[in-house]
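This report walks through one protein model, part by part. Please keep the sequence and the 3D view at hand while reading.

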Amino acid sequence: MAATFTVWNPSTGEPIAEVADGAGADVDRAVESARGARHEWWALAPYERERVLRRMGDLIEERRDGLVRLESDDTGKTLSAAVDDVDFAAEIFHFCSAHAARAHGEQVPLSERGTLCYTVLEPIGVVGAITSWNSALVIAAATLGPALAAGCAVVLKPDQQAPLTTLELAGIAAEAGVPAGCVNVVTGGDDTGAALAEHPGIDKLTFTGSVDTSRTVLRALAANGTPSGIDTGGKSPNIVFADVDLEASLDPILRGGLTNGGQECCTGARILVERTIFDEFVERAAARVLGMRVGDAADPATEIGPMVSAGHRDRVAGFVERAVGQGVRVHAQAEAPTTGFFFPPTLLEGVTETMEVWRQEVFGPALAVGAFDGDDDALEKANASRYGLAAGVWTADIDRAIRFVRELDAGLVWVNSYLDVLSPAAPFGGGKDSGFGSWLGVPGPLEFSRAKTAYVRGAPTGGRSDRLSGGPRSSGGLGQSSGGDRPTRRDQLR
């Protein structure tokens, strides 16, 4: 009997599915399948690939309600958050479809008469993708859409804790017209991911997960010289200046740190508040946190759902317990159900910049609040992090906003909002320990492409041309003679 693992509903703690636990042999078959099917996909006319990708987005929209419920049951996302994710996944495929028909190389001007130089874009080949559980459908779509648009075949390895919508996405790809074998999903745990990262048959691998695991993945990729794109989260600053309207801004500021129970790589859970309004902000935030509705993700009234698993809930609790042991005060903590994998939204005060809870990614609903004095202090404290993914700035001063966009060490910066808007037309990615590479936007499909350069001349028609040299125009160079005909590039290299 084939090995399986159980998928649990985080809200109820009950099992919802049994899924195949893939082994190295399954990875081998998936990669072999992708390598065999990639030429069929790339051979399709660009407008046909565009039609297939657009159909994938359409099918996601048509199955919106079922995908929303499945993503909510699988990850613990609230229904409203799952709706946003399903809609965004559809937008990803609609946006990426345009690349398939419009991507092109360029003509390169040369001084050499009679030579045409141009580039063409070709798919990098077979893409492996190890994805995370927190936004399972969106992360899978953010790799699959650009990779398919570039003409690649893909092998997806979703996280064990939330594989169900990725499996559905593979079915949607087949129904939309992606050739059989071009999109493969191998479910399993760490060993399955390691087998994919180590496989010599993949041409690029993308990884979404923790910094520590990414180091292991990169070492495996180095053995085969496999290129990669890495997204490893963040500890993003959310900077609040005294000139903002706190009444209007408080909810979106807190939402920026508590979206999906804080289980998002971009969350602004490191809140920096200008000292002159610090006490007012903390009191207002505490009152709001205490009133938050924590409960079953399937309940439309729920604001904060569960953690993805019991183990992750305990991990988040450990961060808070250690912070309290260092003298941090739990200023406010909401109530949470005792059934399921819940951790209540928590507001921490008295956090210093050397503490673990301020510097490390908690990936849960624990908001750490600190004070700053003036613009320079805010920038220094915001940038004093190993991460560089996202940041938020709340201010009525447009000059200040523009300065902070320029000087913050972050790949994404929101001004007077936080996580309220994301577009597949804009690049997503960060720097430092947050990873490297671009997801989405115009650069997204280019991450899965390579440029080929061609130098084209007509066939020789007899006699030696007086202009056959591939060397510098006239100022001397490799093998240039002092007079008469200059040697060809082939002559020069003999």
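Asp-375 and Arg-400 form a salt bridge, with their closest N and O atoms 3.2 Å apart. The pair links distant parts of the chain. Asp-375 sits in helix H13 (residues 374-383) and Arg-400 in helix H14 (residues 398-407), 25 residues apart. A salt bridge here is a side-chain nitrogen of Lys or Arg within 4 Å of a carboxyl oxygen of Asp or Glu. Helices (H or I, at least four residues) and strands (E, at least two) are DSSP runs, numbered from the N terminus. Arg-400 is buried because its relative accessible area is 15%. Buried means under 20% relative accessible area, exposed over 50%, and partly exposed in between (1.4 Å probe, protein chains only).

This is a predicted model: local features need pLDDT of at least 70, side-chain atom pairs count only at pLDDT 80 or more, and totals for chains, interfaces and linings use all residues. Residues are numbered from 1 along each chain as its sequence is written, and side-chain values use heavy atoms, with hydrogens and water left out.

## The whole protein

The protein has 16 helices and 20 strands. Its C-alpha atoms fill a box of roughly 90 × 60 × 40 Å, taken along the principal axes. Of its 494 residues, 53% are buried.

Contact means heavy atoms within 4.5 Å. Take the contacts between residues at least 6 apart in sequence: 71% of them join residues at least 24 apart.

The structure holds 31 salt bridges. Side chains of opposite charge can pair when their charged atoms come close. Arg-406 and Glu-407 meet in one, at 3.5 Å from N to O. Arg-406 counts as exposed because its relative accessibility is 58%. Glu-407 is partly exposed, with a relative accessible area of 31%. Both belong to a network of salt bridges that links Asp-376, Arg-403, Arg-406 and Glu-407.

Arg-313 and Asp-314 make another salt bridge, at 3.2 Å from N to O. Arg-313 is partly exposed at 23% relative accessibility. Asp-314 is also partly exposed, at 47%.

## A buried lysine without a salt bridge

Lys-235 lies in the loop between strand S9 (228-231) and strand S10 (237-240). Lys-235 is buried, yet has no salt bridge. Which side chain of opposite charge is nearest to Lys-235? That is Glu-361, 8.1 Å away. For charge, Lys and Arg count as positive and Asp and Glu as negative; His and the chain ends are not counted.

The Lys-235 side chain does reach the backbone oxygen of Gln-360, at 3.1 Å. Leaving aside neighbours within four places in sequence, Lys-235 is in contact with residues including Arg-270, Trp-358, Ser-385 and Tyr-387.

## Strand S9 and its partner

Strand S8 (residues 204-208) and S9 run parallel, joined by four bridges. Two strands pair if DSSP finds at least two bridges between them. Asp-231 in S9 is the bridge partner of Thr-208.

In a regular strand the side chains alternate between the two faces of the sheet. Ser-228 and Ile-230 point one way from S9, while Gly-229 and Asp-231 point the other way. All four are buried.

## Two nonpolar cores

A nonpolar core is a set of buried Ala, Val, Leu, Ile, Met, Phe, Trp, Tyr and Cys residues joined through side-chain atoms within 4.5 Å. The largest has 100 residues. Met-56, Val-240 and Phe-281 have the most contacts inside it. Beyond four places in sequence, Met-56 is in contact with residues that include Phe-93, Leu-144, Leu-169 and Val-178. A second, separate core has 27 residues, among them Ile-239, Val-328, Met-355 and Val-357.

## A buried proline

Pro-445 lies in helix H15 (residues 443-446). Pro-445 is buried because its relative accessible area is 2%. Pro-445 and Ala-100 are 345 residues apart in sequence, but 8.9 Å apart in space, C-alpha to C-alpha. Not counting residues up to four places away, Pro-445 touches His-99, Pro-146, Ala-149 and Ala-150.

## Two positive phi angles

Phe-363 is not a glycine, yet has a positive phi of about 60°. Phe-363 lies in the loop between helix H12 (356-359) and strand S14 (366-372). At 14% relative accessibility, Phe-363 counts as buried.

Lys-432 is not a glycine either, and has a positive phi of about 50°. Lys-432 is placed in strand S18 (residues 431-432). Lys-432 counts as partly exposed, at 40% relative accessibility.

Note on methods
A polar contact is a pair of N or O atoms within 3.5 Å; within protein, one must be able to donate a hydrogen and the other to accept it, and residues adjacent in sequence count only if both atoms are side-chain atoms.
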